[in-house]
Amino acid sequence: MGGATVVAAATVPDALTFAIAAVICVGGAFGVVLMRSPVHAALSLVATLFGIAVLFVEEDAQFLAAVQVIVYTGAIVVLFLFVIMLLGVDRKERVLADVFKGQRVVALVLGLMVLAEVVLLGRSRWTTGAHSATGSLEGSGSNVAKLGRALFTAYLVPFEVTSALLIVAVVGAVVLARRPDHRPVEPIEEVEVPLVPGPDDDPFGAVGTDEDAGGSTAPDETASTVPEHASSEPEHEPAEVPST
Amino acid sequence: MSVHASWYLTLAALLFTIGAVGLLVRRNVLVMFMCVELMLNAANLTFVTFARALDDIGGQVAVFFVLVVAAAEVVVGLGIIVAIFRRKVGATADDAHMLKG
């Protein structure tokens, strides 16, 4: 994105920083949308968040850049990865498969409409350009000091409301993550597994066809090898004829 | 002098659009959540850009609040997702049709 007009208006390091960070941001965003595995999408999201943190530094928002890295990539994305790993849902998704007919085309058209609308709104002058009374970004003092002063004077009430929001979120997460019934966690059933697989253990019985399952679970087959299993086939034949 | 604000706004619009299209296209609930985060970050970039362009600290304070709301949203959303997945339904938003009550 670092065209000649950018370099003309800005110094070369600034333009270069913006260009690299913008490429990382857009590439990561495409990765989030297009990666098949949720883990890869989360890592692409990390790239985008880091790029935005770089842009925050570039725009004199040093505190927000640090918070961006700590909160977003340090907490939120890790939370995503925890859920992905915990639930084992890192199932790959066929991104290019269409479930509803034409869903992708409609989504793309809607996205382009959103982009056009945002750009059109941005081109018209919605801002008056007047400086606010809450605090100036320029001037002496660090960014953290100015942000803190604004947060604890002009924006004190929203800040306190934020704490209530966090409490509600914590309580909500606890309620949602609780087990639905009040029974204690049942211990895992102990299944007696023979150390040496016996002759009647059919490892493929669970995934076999109905004929295999009907043959192997018969009570009169105690020590069946494959030829015996084949020889005992005729006595099950009346039961198997309706299933086929 | 830094890069002009319109470039930042264009980038933010692009990121927002990519996030919106991803939200519409993807069916994995977690990836949809990530797309929402993408859109929130695009909005944050716009806030910071206007804070610099208008010389106002209020934009950065707004980003602070957006960060808090995003964190709360992710906590509750992932709690809902865990509660859904505990019922062994599946990984996509189409599998969560029992939410209609």
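Accessible areas here come from the Shrake-Rupley method with a 1.4 Å probe, and for residues only the protein chains shown count as cover. This is a predicted model, where local features need pLDDT of at least 70, side-chain atom pairs count only at pLDDT 80 or more, and totals for chains, interfaces and linings use all residues. Residues are numbered from 1 along each chain as its sequence is written, chains are lettered from A and ligands numbered from 1 in the order in which they are written, and side-chain values use heavy atoms, with hydrogens and water left out.

**Stop 1: chain A**

Select chain A. Its accessible surface is about 16,100 Å², and carbon and sulfur atoms account for 68% of that. Colour by secondary structure: chain A has 10 helices and 0 strands. Helices (H or I, at least four residues) and strands (E, at least two) are DSSP runs, numbered from the N terminus. Of the 244 residues in chain A, 29% are buried; that means under 20% relative accessible area, with exposed over 50% and partly exposed in between (1.4 Å probe, protein chains only). Now contacts, meaning heavy atoms within 4.5 Å. Among those in chain A between residues at least 6 apart in sequence, 42% join residues at least 24 apart.

**Stop 2: two cysteines**

Select A:Cys25 and B:Cys35. What separates their sulfurs? The sulfur of A:Cys25 has its closest cysteine sulfur in B:Cys35, 15 Å away, too far for a bond. A disulfide needs a pair of cysteine sulfur atoms within 2.5 Å. The count over all chains is 0. A:Cys25 is buried, at 0% relative accessible area. B:Cys35 is also buried, at 0%.

**Stop 3: H1 and H2 of chain B**

Select residues 5–25 (H1) and 29–54 (H2) of chain B. Their axes come within 8 Å and cross at roughly 165°. Axes are lines fitted to C-alpha atoms, for helices over the stretch in contact, and angles run from 0 to 180 degrees between N-to-C directions. H1(B) and H2(B) are therefore roughly antiparallel (over 145 degrees; under 35 is roughly parallel, 65 to 115 roughly perpendicular, the rest oblique). Show side chains: the contact includes B:Tyr8 and B:Phe16 of H1(B), and B:Cys35 and B:Phe50 of H2(B).

**Stop 4: across to chain A**

Which residues meet? From H6(A) come A:Asn143, A:Leu147, A:Ala150 and A:Leu151. Facing them in H3(B) are B:Gln60, B:Val61, B:Phe64 and B:Phe65.
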